[in-house]
Amino acid sequence: MFIAQLFEISQDLKLNVEYISMSEKIIVNVDGSLKPIIPSFLDNRQKDIEKLKTAIEKEDQQQVKIIGHQIKGNSGCYGLITLGKFGEELEEAAKKPDWNGIQLIIQKIIDHLEHLEIEFD
């Protein structure tokens with residue numbers, strides 16, 4: 001399934017990003033001791049998405065880089081390796097900055113979170 005997402009970078013520039021949407025559950029096993037804090041972790045990632053959208057609108061390269069770094073580090077602590085890799089990709093794309101790449105990575109993060117199902121050991 002192809003999904004197109006329109007991102008408005010500035011009043012003058014709009015980019016259309018196409019990607020293949022994930023359609024299946026992403027099941028991740030996480031240590032049971034983390035169960036009480038996983039909901040706030042996931043809520044914070046949703047807040048990160050909103051912050052990233054604002055950063056894109058403002059072309060705030062530094063903010064994108066910081067959020068990418070935080071996603072990378074925080075996700076690794078919870079055993080969410082793929083989400084951490086997306087954070088790393090975001091951080092690297094922000095160094096250039098590669099706005100097309102940044103938008104694609106953000107969409108991958110959104111998609112990943114929508115399909116993520118956490119099971120506890």
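1. Helix α4 (residues 99–115) is mostly covered, with 13 of its 17 residues buried. Buried means under 20% relative accessible area, exposed means over 50%, and partly exposed lies in between (1.4 Å probe, protein chains only). Helices (H or I, at least four residues) and strands (E, at least two) are DSSP runs, numbered from the N terminus.

2. On provenance: this is a predicted model, in which local features need pLDDT of at least 70 and side-chain atom pairs count only at pLDDT 80 or more, while totals for chains, interfaces and linings use all residues. Residues are numbered from 1 along each chain as its sequence is written, and side-chain values use heavy atoms, with hydrogens and water left out.

3. Overall content. The protein chain has four helices and four strands, in the sequence order β-β-β-α-α-α-α-β. Of its 121 residues, 40% are buried. Contact means heavy atoms within 4.5 Å. Among contacts between residues at least 6 apart in sequence, 64% join residues at least 24 apart.

4. Helix lengths. The expected span of a helix is 1.5 Å times one less than its number of residues. For the 17 residues of α4 this gives 24 Å, and the end C-alpha atoms of α4 are 24 Å apart, which agrees. Helix α3 has 15 residues and reaches 21 Å from its first C-alpha to its last, close to the 21 Å expected.

5. α3 against α4. Two packed helices are described by the angle between their axes and the distance between the axes. Axes are lines fitted to C-alpha atoms, for helices over the stretch in contact, and angles run from 0 to 180 degrees between N-to-C directions. Helix α3 (residues 81–95) packs on α4 at an angle of about 165°, with the axes 9 Å apart. The two are therefore roughly antiparallel; angles under 35 degrees count as roughly parallel, over 145 as roughly antiparallel, 65 to 115 as roughly perpendicular and the rest as oblique. From α3, the contact uses Thr 82, Leu 83, Phe 86, Glu 89, Leu 90, Ala 93 and Ala 94. From α4, it uses Ile 102, Ile 105, Ile 106, Lys 108, Ile 109, His 112 and Leu 113. By class, the contact of α3 with α4 has 10 nonpolar, two polar and two charged residues. Here Ala, Val, Leu, Ile, Met, Phe, Trp, Tyr, Cys and Pro count as nonpolar, Asp, Glu, Lys and Arg as charged, and the others, Gly among them, as polar.

6. α1 against α4. Helix α1 (residues 38–57) packs on α4 at about 155°, with the axes 11 Å apart, so α1 and α4 are roughly antiparallel to each other. On the α1 side are Leu 42, Arg 45, Gln 46, Ile 49, Leu 52, Lys 53, Ala 55 and Ile 56. They meet Trp 99, Ile 102, Gln 103, Ile 106, Ile 109, Ile 110 and Leu 113 of α4. The class count for the contact of α1 with α4 is 11 nonpolar, two polar and two charged residues.

7. α2 against α3. These helices pack at about 160°, with their axes 7 Å apart, and that makes α2 roughly antiparallel to α3. Among the residues in contact are Gly 68 of α2 and Gly 84 and Gly 87 of α3. The contact of α2 with α3 divides into five nonpolar, six polar and five charged residues. The buried residues of α3, including Gly 84, Gly 87 and Glu 91, pack against α1, α2 and α4.

8. Is Asp 48 buried or exposed? Asp 48, in helix α1, is buried, with a relative accessible area of 3%. Leaving aside neighbours within four places in sequence, Asp 48 is in contact with Ile 67 and Ile 71. Lys 65, in helix α2 (residues 61–77), is partly exposed at 29% relative accessibility. Not counting residues up to four places away in sequence, Lys 65 touches Glu 91, Ala 94 and Lys 95. Glu 114, in helix α4, counts as exposed at 59%. The C-alpha atoms of Glu 114 and Glu 24 are 9.9 Å apart, although the two residues are 90 apart in sequence.
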